[in-house]
Number of protein chains: 2
Amino acid sequence: MKSKSATTPFDVIAFDADDTLWHNEHIYLNTHDKFKQLLRQYHNEEWIDQRLHETEIRNLQHFGYGIKGFTLSMIETAIELSEGRVGGNEIQTIIEFGKAMTRAPVELLEGVAATIAQLAESYELLLITKGDLFDQEAKIARSGLGDYFRRIEVVSEKDVETYKRITAKHGIAPERFLMVGNSLKSDILPVVAIGGKAVYIPYKTTWIHERVAEEDLATKPYLTIQHISLLPALLNEMTPDVVD
Amino acid sequence: MKSKSATTPFDVIAFDADDTLWHNEHIYLNTHDKFKQLLRQYHNEEWIDQRLHETEIRNLQHFGYGIKGFTLSMIETAIELSEGRVGGNEIQTIIEFGKAMTRAPVELLEGVAATIAQLAESYELLLITKGDLFDQEAKIARSGLGDYFRRIEVVSEKDVETYKRITAKHGIAPERFLMVGNSLKSDILPVVAIGGKAVYIPYKTTWIHERVAEEDLATKPYLTIQHISLLPALLNEMTPDVVD
């Protein structure tokens with residue numbers, strides 16, 4: 001392992017997990033589809049989508065992020081859309097959708113395993129993931145990546161306060177902290193706001209709640225790459241030319 | 001603030017939260033009662049209790065601990081016990097039970113506020129609580145106690161590995177670590193197993209899943225007190241007679 005701070009531009013590189021290291025959004029989208037199939041006798045798909053989204057947003061205050069809250073929101077939407085006519089069997093089917101989500105295989109994005117293994121040789125890596133503790137720990141365990149990360153932080157919200165707390169807790173100077181993720185709202189903007197650096201790797205789909213208005217982006221500097229495999233080269237360009 | 005390690009028997013005192021600092025079990029028990037009222041047309045109360053308990057245990061692997069998982073287990077039990085006849089309105093009522101639980105006021109146990117404030121003057125305090133991240137953070141915020149704790153750890157399981165990880169992460173020697181809690185299974189036995197000290201403060205009710213067989217207890221040394229207010233005096237007895 002190389003001497004770290006002397007030759008690297010950062011002391012710590014932190015990664016988001018869902019849709020940065022492994023596919024996640026598609027598990028929700030697939031379940032959305034199954035949910036719409038189940039309820040299509042009651043309403044058209046667009047209407048179901050809209051009501052489910054409204055229920056999810058309304059329930060965030062009670063349930064936070066994650067599969068269990070999403071499952072409860074599906075159940076609530078099904079009752080509402082069917083005006084109470086939905087049957088016990090259909091509700092049980094929705095609960096089974098939720099259980100299937102908790103068991104879904106963790107599929108790493110292309111290039112993740114090699115890139116993380118490579119970066120772990122030169123950097124301290126941190127995993128910072130938002131959501132349900134139980135879900136996220138299960139996914140980390142199944143990902144096979146857990147050992148590459150010095151610390152794993154499962155948080156209920158990723159805002160400026162969260163990043164201040166995490167960097168302070170681990171004694172990391174913000175300018176020596178790099179965050180890598182697929183969410184402008186959660187991984188990029190709050191990090192640059194505290195003086196950290198951020199690399200944005202867009203994922204093919206982004207949950208509507210995570211989208212950021214264009215005007216919020218104008219003055220915020222961050223780097224964008226299209227694939228995690230490009231990260232080591234980007235870091236090498238940033239590294240000062242110092243001989244060990 | 002006193003110089004800590006010179007005059008105190010521990011570097012860190014960690015507290016469990018639910019039913020150690022604030023009442024929690026009664027929120028579940030009250031909801032159990034409401035659930036039985038709702039379903040009494042289908043079955044007798046004992047049978048409902050037994051099936052709900054079975055469903056909870058079976059679902060721990062999918063949902064972990066916490067209100068959302070409990071709510072999903074109530075829904076599943078209602079469907080099963082009614083053989084699918086339960087109506088949308090009843091399911092919605094169960095979801096509302098869950099939401100009410102997430103909003104339940106945090107009622108501190110008697111003596112907690114004064115004892116925690118007093119101990120925080122001489123010790124670094126840690127909060128180690130098992131359960132749902134979102135639920136637990138909300139309760140800590142509402143408890144008004146958050147600022148007394150140097151670190152808060154919400155964990156999905158409290159076993160030997162968990163305590164090893166937390167003490168290592170914070171650089172605490174196990175013999176300088178004291179855990180205080182109401183669960184023999186989660187707060188006491190795994191801590192003494194790693195060479196830490198533990199103080200057991202029994203709560204008036206204990207969830208059946210948390211109970212420990214008598215034979216598991218025989219060889220494990222730990223202290224028991226009946227009230228958290230007795231803790232400072234107990235610690236003073238343990239403190240070596242050293243002049244600052």
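The axes of helix H2 (residues 25-39) and helix H5 (residues 88-103), both of chain B, come within 11 Å and cross at roughly 170°. That makes H2(B) roughly antiparallel to H5(B), a label for angles over 145 degrees. The axes are lines fitted to C-alpha atoms over the stretch in contact, with angles from 0 to 180 degrees between N-to-C directions. Helices (H or I, at least four residues) and strands (E, at least two) are DSSP runs, numbered from the N terminus.

This is a predicted model: local features need pLDDT of at least 70, side-chain atom pairs count only at pLDDT 80 or more, and totals for chains, interfaces and linings use all residues. Residues are numbered from 1 along each chain as its sequence is written, while chains are lettered from A and ligands numbered from 1 in the order written.

Residues of H2(B) and H5(B) meet; contact means C-beta atoms, placed from the backbone, within 7 Å.

| Helix | Residues at the meeting |
|---|---|
| H2(B) | Ile27(B), Thr31(B), Lys34(B), Phe35(B), Leu38(B) |
| H5(B) | Glu90(B), Thr93(B), Ile94(B), Phe97(B), Met101(B) |

Now the two chains. Chain B can be laid on chain A by a turn of 180° and a shift of 0.0 Å along the axis, with an RMSD of 0.0 Å. The superposition is by least squares on C-alpha atoms of residues with pLDDT of at least 70 in both copies. That is the relation of a two-fold axis. The same surface serves both copies: 100% of the contact residues of chain B recur in chain A.

The largest nonpolar core has 109 residues. Such a core is a set of buried Ala, Val, Leu, Ile, Met, Phe, Trp, Tyr and Cys residues joined through C-beta atoms within 7 Å. Ile75(A) and Ile75(B) touch the most other members. Leaving out residues up to four places away in sequence, Ile75(A) touches Ile91(A), Ile94(A), Ile75(B), Ile91(B) and Ile95(B).

Chain A also holds an open sheet of 6 strands, in the order S3-S2-S1-S4-S5-S6, with parallel pairing. Strands pair if DSSP finds at least two bridges between them. S3 (151-155) and S6 (223-224) of chain A stand at the edges with a single partner strand each, so one side of each is left without a neighbour in the sheet. S4(A) and S5(A) are joined by 4 bridges. Met179(A) stands opposite Ala198(A) in S5(A).

Helix H9 (residues 184-193) of chain A is largely enclosed by the rest of the structure, because 7 of its 10 residues are buried. Buried means 20 or more other C-beta atoms within 10 Å of a residue's own. Its cover includes strands S2 (124-130), S4 (177-181) and S5 (197-200) and helix H8 (160-169) of chain A.

Notes
Buried ≥ 20, exposed ≤ 12 C-beta atoms within 10 Å, placed from the backbone. Contact = placed C-beta atoms within 7 Å. Parallel < 35°, antiparallel > 145°, perpendicular 65-115°, else oblique.
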